[in-house]
Amino acid sequence: MMKRIEVRLALPVVAPLLDVIKEVADDLRENLAAPPDLADLESEFRDAWVAELLGGQNREVEALLALFDEEFFSEGIVAFDSDNAETIVRAAAAVRLQLRERHLKPLGDELLEGGDINVMTLEEKPRKAFMCYLFLATIQELIIQHLDKSILDA
Amino acid sequence: MVPQRGRVGRAEDLRESHLQASGARVHSLPVVISNSKLQPAEDVRTELALEGRWLVVVLNDPVNLMSYVVLVFKKVFGFDEQTARQRMLEVHEQGRSVVWGGLREKAEAYVFTLQQWHLTAILEHDETH
């Protein structure tokens with residue numbers, strides 16, 4: 001039987017973060033979250049390589065955005081199972097990387113990695129970005145904790 | 001595409017299809033990329049650049065979770081928990097970890113798969129070989 005986890009989210013907390021996630025998702029349509037160093041590949045092969053990565057990244061991010069559908073706005077629930085676990089955990093990684101690139105770099109990598117940041121001291125934009133960053137990390141942790149076998153066996 | 005254990009990503013397919021499209025030859029071992037317009041000397045240089053042992057190196061980033069990196073290493077390389085954690089800690093503490101070494105084509109495929117997982121992975125020629 002397929003393992004499935006449902007997570008009830010606090011709508012008033014999560015809904016305002018979705019605009020930030022969508023904004024970052026727009027960035028990711030044409031940019032890789034972790035731009036690769038492919039300097040020693042022939043240019044045509046490099047272009048094909050990047051296009052393939054970008055196509056995969058776009059599919060992942062679309063799947064992440066699709067979690068926040070009508071059901072989410074009426075019930076506040078998102079669901080993960082073996083069908084979407086890998087896609088969502090990867091999409092969350094891409095969006096978190098881009099959140100850092102776009103909004104969180106001024107915080108410094110050491111602080112970001114340690115996570116010891118008082119959100120109340122941040123301006124609205126980086127505060128929302130950091131909340132998204134934590135929210136997506138929580139989703140990743142939940143998936144890895146409960147569905148890692150599904151991902152490894154897929 | 002979804003990478004599967006025992007089969008790395010699409011870089012091998014990408015290289016093959018790119019080479020076929022460009023009319024280039026694909027040799028088995030060592031990998032040789034050539035084009036009929038190239039002079040033999042250039043062929044030799046390309047062959048020398050691609051042969052030997054290549055390393056797949058993962059570099060640290062301040063974003064990806066430790067548990068995520070462990071999962072990726074287990075998934076992509078089939079590492080057990082202990083090995084995956086050891087490699088992840090190398091990345092975290094030393095800034096890099098060599099996670100695989102071998103033929104260029106296979107190394108490219110691993111780098112591609114790691115990049116699909118949004119890790120910072122690079123290819124390095126193993127100068128000790």
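**Strands and a helix of chain B**

Reader: How many bridges join strand β3 (residues 54-59) of chain B to β5(B)?

Author: This is a predicted model, in which local features need pLDDT of at least 70, side-chain atom pairs count only at pLDDT 80 or more, and totals for chains, interfaces and linings use all residues. Residues are numbered from 1 along each chain as its sequence is written, and chains are lettered from A and ligands numbered from 1 in the order in which they are written. Strands (E, at least two residues) and helices (H or I, at least four) are DSSP runs, numbered from the N terminus, and two strands pair if DSSP finds at least two bridges between them. β3(B) and β5(B) run antiparallel, and the bridges between them number six.

Reader: Which residue of β5(B) stands opposite Leu59(B)?

Author: Antiparallel pairing holds in the open sheet, whose order is β4-β3-β5 in chain B. The residue of β5(B) opposite Leu59(B) is Thr120(B).

Reader: How many residues of α5(B) are buried?

Author: A residue is buried if 20 or more other C-beta atoms, placed from the backbone, lie within 10 Å of its own. Among those that qualify in α5(B) are Tyr110(B), Phe112(B) and Leu114(B). The helix is largely enclosed by the rest of the structure, because the buried residues number 10 of the 13.

How values were computed. Buried ≥ 20, exposed ≤ 12 C-beta atoms within 10 Å, placed from the backbone.
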